[in-house]
Amino acid sequence: MYLFLGEADDGLCVNLRQALEERGAQVRVVPDPFSESIRFSWRVNSASTSSTLVFADGTCLCDRDISGVFLRRKKALITSTSSDDYSYIQAEIEAASLGWIWTLQCPVVNRLPPWLWYTRKPPVQFWSRLLRTNGLQEFECCGPRSDGGSKNWDDFGALDVGDPAICYGHACIVGRSVVWNIDRSESLHPYESALLEFTRYVGLSFLEVAFAETREGIGVKEVDPFPDLSRFGESSTRAITEALATLFADSNQQSCPQ
Amino acid sequence: MILICGNSFDPTIMFLRARWHSDRLGYRVLDLAHGEGVIRMDHKGSLVNGSITGANWRLEAKELTGVFFRNHSCRPEKGANSSYPECEPNFAALLNNLPCKVANRPAAAMSNRSKPFQALQISKCGFAIPETLVTNSPEAVRQFYEERDEKVIIKSISGVRSIARMLSPQHLERLPLLRNGPAQFQAYIAGDDIRVHVVGNQCFATRIVCSSVDYRFAWQEGISIKMEPTVLNAEVTSRCLQLTEKLGLTLAGIDLKESPAGEYYCFEVNAAPVFPFYERITHQPVSKALGEFLQQP
């Protein structure tokens, strides 16, 4: 059984569910594993870890029953209206979810590290050292002034260069595949191996990277571990879905004892 | 030169300033809580060739040897619906990428927001962790409670409201409230608490003798608390250093418990430890070590 942590009507969840079910797999979409309708128990000690989810229909899933987890949303959806302490419950659910996905032996797309889990939308500067390590460069964030830009502290959070007119293209990396939202031009070809290395280096397997043109060439404008498929056309979306289904299937095949 | 980033009225920052002033360590304070300061970056958004200007000082990036960052007591990010004081993402990115020492980089500090995540890292470093249950099921808690001879601790899973309490019959009556969200339950471990402050590659261990389940709040129960410096054996010291490095931290407050059998349990690693609480009583030179660590290029 594959677990999707997200919404049943999310376009990618719908497509990937279909692709996995065509391969004979079962899929369950769970908006929140800690909702009132699911009994979640997770035990951990120095030597072992085990979890159990019991759904309202009586279905019981242990760790070994979960073939893979597809994470489409990191923020908890709190359905309870009886509590007046939303942010505390949110923090508890997020902390439990993060810990839990790190104990599962099955493939998790993406198994986010804490810094990504807890940063609402990391600006590209968050990734700059990791990008440079892997042969990519981030888009200049302070405009075209080579002598440097000043920022008053109060304006600092608003630092943004988002000029949609100069966005060059979006790449979606899925495992060892790169899917573009445009016909790949020769100028983008050299970036594919760097994108694959970068994705592997940060420990993820599903990532969207937006490129923009800079004075020095093409730079990364945005990195998003929750790709937005509305930026990709129909054929690209199909390719991404297939690549994800293959990624899950291949990961499980590799982890099966021969 | 060291840069302190945080709320200048935060008690830990005020303590550090007083100690570093008397130790004649050079530092500047960038008050994040009151919107003070101008940061000048190079055209790549990096501080490597930039500068920071405060109320009546200016610090070139190349003069910077280390940064002490403490986000507590700072305003939450605009529009954030979070229990944590959020740092401006661009500033966090800057600290994450600075080539000098930072205690601690915001990215590394976030592991403390999930105790179960940290527990996995802790056990990989050779420490024991208590038998733990994370659940929203009242039945699972009752079973755990009986298995552990009714000696169970309830505590938060996240870094919010992190107070440990012994699970009581009164708590059991409230278990149906778990439908609102999960909680964490742990087997009670007897023994002395030991707080280890790691600064770079130095460890300062403090033994706490107290009958309260959570010694930090013993005064609220009228219970006395005794703190004294202690020496850890080489293996435990090595595990503390390894754990701090594994989490990407340069400053850590590690919570240990030494069981009567001599086994060391580790509960969590605080990325923003309140070391003055211990230093005021034990006089262990944590703040001095931190200053010297951040002053060294």
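**Entry 1: salt bridges**

I started with A:Arg231, which comes out as partly exposed at 30% relative accessibility. I'm working from a predicted model here, so I keep in mind that side-chain atom pairs count only at pLDDT 80 or more. I looked for a charged partner and found A:Glu222, which makes a salt bridge with A:Arg231, their closest N and O atoms 4.0 Å apart.

Next I turned to chain B, where B:Glu279 and B:Arg19 form a salt bridge with the closest N and O atoms 2.9 Å apart. B:Glu279 sits in helix H8 (residues 276-282) of chain B and B:Arg19 in helix H1 (residues 11-22) of chain B, so this pair ties together parts 260 residues apart in sequence. Buried or exposed, I wondered, is B:Glu279? At 3% relative accessibility, B:Glu279 counts as buried, while B:Arg19 is partly exposed at 30%.

I then checked B:Asp214, whose side chain meets that of B:Arg216 in a salt bridge of 2.7 Å, N to O. B:Asp214 is buried, with 8% relative accessible area, and B:Arg216 is partly exposed at 33%. Back in chain A, salt bridges with shared partners link A:Glu208, A:Glu222 and A:Arg231 into one network. How many salt bridges are there over all chains? My search of the whole structure gave 20.

**Entry 2: a sheet in chain B**

I traced an open sheet of five strands in chain B, with the order S14-S13-S12-S15-S16 and antiparallel pairing. Strands S14 (225-230) and S16 (264-270) of chain B stand at the edges with a single partner strand each, so one side of each has no neighbour in the sheet. From one strand to the next, the twist averages 25°.

I looked at one pairing in detail: S12 (residues 192-199) and S13 (residues 202-210) of chain B are joined by seven bridges in the antiparallel sense. Opposite B:His197, I found B:Phe204 in S13(B). What lies across S12, S13 and S15 of chain B? I see helix H9 (residues 286-295) of chain B there, running at about 25° to S12(B).

**Entry 3: B:Thr132**

I finished with B:Thr132, in strand S8 (residues 132-135) of chain B. B:Thr132 is buried, its relative accessible area being 4%. A polar atom of the B:Thr132 side chain is 2.8 Å from the backbone oxygen of B:Pro130, and the side chain also makes a polar contact of 3.2 Å with the side chain of B:Gln186. Leaving out residues up to four places away in sequence, I noted that B:Thr132 touches residues of chain A, namely A:Trp42, A:Arg43 and A:Val44, along with B:Phe144, B:Gln184, B:Phe185 and B:Gln186.

Conventions:
Residues numbered from 1 in each chain as written. Chains lettered and ligands numbered in written order. Predicted model: local features only at pLDDT ≥ 70, side-chain atom pairs only at ≥ 80, totals over all residues. Heavy atoms only, no water. Helix = DSSP H or I, 4+ residues; strand = E, 2+ residues; numbered from the N terminus. Buried < 20%, exposed > 50% of the residue type's maximum accessible area, 1.4 Å probe, protein only. Polar contact = N/O pair within 3.5 Å; in protein donor to acceptor, adjacent residues only side chain to side chain. Contact = heavy atoms within 4.5 Å. Pairing = 2+ DSSP bridges. Axes fitted to C-alpha atoms, helices over the stretch in contact; angles between N-to-C directions.
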